[in-house]
Each structure stands twice: as structure tokens, then as C-alpha cells.
Amino acid sequence: MRDPQDNWYRNKRLGGLWRFAIAISILNILGHIWLGFEQAWAHPLVGLGNFAEFLLSAHITGLAVSMLLYANQRFWVIAFAAAAAIASKAIFRVSAMPAPEAAPATRHFLNPSNFGISLTLVLFPWVGIAPPYHFTENAGTFFHWALPLLIFASGSLLNTKFTERVPLISAWMLGFAVQAILRSLAQGLPVTAALLPMSGLAFILFSFYMVTDPATTPSRPAAQVIFGLSVAAAYCSLMLLHIVFGLFFALVIVTTARGLWLFGLNRVAALGVERHLSPVAAFAERQR
């Protein structure tokens, strides 16, 4: 009889990775040929330097970094961001206690692509994010509407059937809308201006393909809701502080806080291993 953990890995994790890899590859190809991506053709190749070794995960990370960063003619920046993203998976890890038999003893808690992009933006202020308009710059009137709907539909299928992160997406989008309305009322600004990012393809991609990373987000629905609302709250705080690139930094803040929280829970469980292992471990598992 096949191990349930192995079945989950093959059917959910690998299934989701394959479809994610195909989707982001098609988007990059169409972007450079037709939609209006302004980076050099060589950028995706530089971002994919470690593809052969890390296969699907590195493929997704490399293309996400090269697609979302704009470094003009500096290829090494893309290589740095991709390397930092992949290295974060080995450096920033927390104990996966209690771990299933087929699962590793530790797991990374930072979203790799998001971390690589955020670190690059902090270290090199002259690097920016690719302009949102380039996702549909040359798409024409029909595809200005059709392409976001296609990404929305494919992302909904991916996160419903494979990653099972629909509660997280719903909480994140609802939280974003609420914080946008509250900021507008507090600052006397038009509500439509604060809600405008939700209409762009870049926001849809972030919502369905970055914030939902199954390896670095909770699996239980209630915890997913807390995670999504927390990202929205962090974004609101960054906007009030006039800090740009709030989407990426907000996700780094929340995933880091979650990693520290899991580390603390593991320490508490380890201290009570002799007398209170069962209730503490059960509590820790509920928080994941």
C-alpha cells in the first residue's frame, strides 16, 4: 500500500509544480514575443542557471525573478536574485515537528522568489519592479480583458485542486480591499485609487502564484485566513509609511514572522517533550 504522504507529494505538490512551471514558462514566452516585456531575452536564461540541479522549483524561481525584476542591462542582478532565492531554501529553515515519515526533518519558511526579489530591491535601490503595464502592453483590447480572466481561471484551478489555498486567497483579497477602503477614508483619498492595483494582471499573478506558495504557507483553512489577512495588514502598514514595493515586503514580513512563530512552538514542544509532548505537539501542529 502506497504511503499517503507519498501520494500527496505526487498528486498535489508535483502536480501543482508542473502546472505552475508550464504556466510561468508560457507567460514569459508570450511576454517577450508579444505582450511587451521590456527585459532582455537573456534575463530568463540567466535566472535559470540552476534549473538542471533544482528542476521544477528552480525553474519557477528563476523565471519569476527574471519576469518581475527590471535591472536594465545588468544580468548579474538577476543571477544574484535567483541565487539568493534558492539559497534561502537551505538557509532559512525550521523544524517540521511533528514530521511525517516521508517528509524532511526541516522545511524552508520564506517564499524563495519573493525573498530573492525583496533582498535585491533592498540592496540595490536602482533596481525596480517590472512595470505592470508590460504584461499586456501589446495584447490588444480583447486580450487586455481575456488574459487576466485566463490567469484568474488557471490560478483558481491550480489553487483549488492542487495547493488547496483558496481560503488564503480569499482572505488576502478581502483584506486588501478592506485596508484600501480604510486608508482612503482615513486619508481623504479616492477609494478607486487604492483599489486600482486589484485590477491589474500583476496583482492577479501575485495573488494566485506567489502568496499561495504551499511550502511556505499554512495548510489549515483557519491558519490560511490569518496568513492572508496578515499580509494585507502588513501591506497597509507599509503604504502608510510610504514604503514602495509593499506587496513583496509584506509577504517577507509575514513569512518571517510565521517562521519565528513555528520556531518558538518547536522550542516549547522540545522543552515539554517528557511530560507534555502530546498536547503541546498537537497545539503546534494546529498552528501550521
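Me: Which residues of α9 are buried?

Reply: Buried means under 20% relative accessible area, exposed over 50% and partly exposed in between, with a 1.4 Å probe and protein chains only, while helices are DSSP runs (H or I, at least four residues) numbered from the N terminus. In α9, the buried residues are L201, F203, I204, L205, F206, S207, F208 and Y209. Eight of the nine residues of α9 are buried, so this helix is largely enclosed by the rest of the structure. The model is predicted, with local features needing pLDDT of at least 70 and side-chain atom pairs pLDDT 80 or more, whereas totals for chains, interfaces and linings use all residues. Residues are numbered from 1 along each chain as its sequence is written, and side-chain values use heavy atoms, leaving out hydrogens and water.

Me: How many aromatic pairs are found in the whole structure?

Reply: Rings of Phe, Tyr and Trp (its six-membered ring) pair if their centres lie within 6.5 Å, and planes under 30 degrees apart count as stacked, over 60 as edge-to-face and the rest as tilted. The search of the whole structure gives 18 aromatic pairs. For F20 and Y209, the ring centres are 4.9 Å apart and the planes at 40°, so the pair is tilted. This pair links distant parts of the chain, since F20 lies in helix α1 (residues 4–35) and Y209 in helix α9 (residues 201–209), 189 residues apart. Both F20 and Y209 are buried.

Me: Which residues form one aromatic cluster?

Reply: One aromatic cluster is formed by W172, F176, F203, F206, Y235 and F248.

Terms used:
Helices (H or I, at least four residues) and strands (E, at least two) are DSSP runs, numbered from the N terminus.
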